[in-house]
Amino acid sequence: MAFNIYYYESHVDCKFCKKHFTTYKVRPNRYKITEEHSDFMPVYEGLNPLLYEVAVCPHCGFAYHKSMTRTYGPFMQLIEEIYIKELRKPMNICHERTIDDAITSFKLAYLVCRASMEEALLMANIALKIAWLYRLKNDTKSERRYLVAARDFYSKSFASNQEGSERILYLHAELSLRLGDISEAKKGFSRLISDQHVSVKHRKLAKNRWENYKYDEQPTSIESISQ
Ligand SMILES: [Zn+2]
């Protein structure tokens, strides 16, 4: 590839078939976060690096996200049986991507994670990112489907995950609010607000978000919370 001011080519050795390929990544200085939605979705000015987070091998179809951990040994056998063998034809989405290409890449990663039985938290984060991509397309029905999936996985991860649990609690409440499950949202936000062990940051975030909802009666972006 000739020098491109927006992208660079990342060199990847596929963890499944071991073959080499290159895939586009956005250059770090080519995007800027301008705001953040209340479920932490970053809004970018310029290019959106989220579109290039998943590397999809054009040789075998294995899809890799840097958060994945079960990419070795017996997990690879599961991935082969459940995912690779079911793929009809690996596609090449290693160059400039549309939002639809990005959704495909994340859905493939989601299937790989399901096959290797990755942790619930990891599944939740991937599902949430798919929901964000659908939000960019204004496809609310599909966005909702993946918000539901993300919330279910966040629920499952409560018990097993201590680290970052405030963030998970917040996200669970926030997704409940977005999905119209107000009683569950209220429960989650109240817990964050009243628990003195919760950090000031998350207590404040929860308080603002809940008050904002109560007074405005509609989901809003984080922009209005910080005012
Ligand atoms: Zn491969």
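**Exercises on a predicted model**

Glu80 is a residue of helix H1, which spans residues 73–82. The structure is a predicted model, and the exercises below start from this residue.

**Exercise 1.** Determine whether Glu80 counts as buried, partly exposed or exposed.

*Solution.* The first step is to count neighbours: Glu80 has 15 C-beta neighbours inside 10 Å. The second step is to apply the cut-offs, by which 20 or more neighbours make a residue buried and 12 or fewer make it exposed. Glu80 therefore counts as partly exposed. As a further point on its position, the C-alpha atom of Glu80 is separated by 34 Å from that of Asp39, 41 residues apart along the chain.

**Exercise 2.** Describe the packing of helices H2 and H3.

*Solution.* The axes of H2 and H3 are 10 Å apart, and the angle is about 165°. Angles over 145 degrees count as roughly antiparallel, so H2 is roughly antiparallel to H3. The crossing is left-handed. Among the residues that meet are Phe106, Ala109 and Tyr110 in H2 and Ala127, Ile130 and Leu133 in H3. Classified by type, this contact of H2 with H3 comprises 15 nonpolar, no polar and two charged residues.

**Exercise 3.** Carry out the analysis for helix H5 (residues 165–178) and helix H6 (residues 182–194).

*Solution.* The two axes come within 7 Å and cross at roughly 150°, which means that H5 is roughly antiparallel to H6. Their crossing is left-handed. H5 contributes residues including Leu169, Tyr170 and Ala173, while H6 contributes residues including Ala185, Gly188 and Phe189. The contact of H5 with H6 divides into seven nonpolar, three polar and three charged residues.

**Exercise 4.** Identify the elements that supply the largest nonpolar core, and trace the contacts of Val112.

*Solution.* The largest nonpolar core has 54 residues, and Val112 is one of those with the most contacts inside it, as are Phe106 and Ala127. Elements giving two or more residues to this core include S5, helix H2 (99–115), helix H4 (140–160) and helix H7 (200–216). H3 gives the most, with 11 residues. Leaving aside residues up to four places away in sequence, Val112 touches Phe62, Ala63, Ile79 and Tyr83.

Methods. Residues numbered from 1 in each chain as written. Predicted model: local features only at pLDDT ≥ 70, side-chain atom pairs only at ≥ 80, totals over all residues. Axes fitted to C-alpha atoms, helices over the stretch in contact; angles between N-to-C directions. Helix = DSSP H or I, 4+ residues; strand = E, 2+ residues; numbered from the N terminus. Parallel < 35°, antiparallel > 145°, perpendicular 65-115°, else oblique. Left-handed = near helix turned anticlockwise from the far one by under 90°. Contact = placed C-beta atoms within 7 Å. Nonpolar A, V, L, I, M, F, W, Y, C, P; charged D, E, K, R; others polar. Core = buried A, V, L, I, M, F, W, Y, C linked by C-beta atoms within 7 Å.
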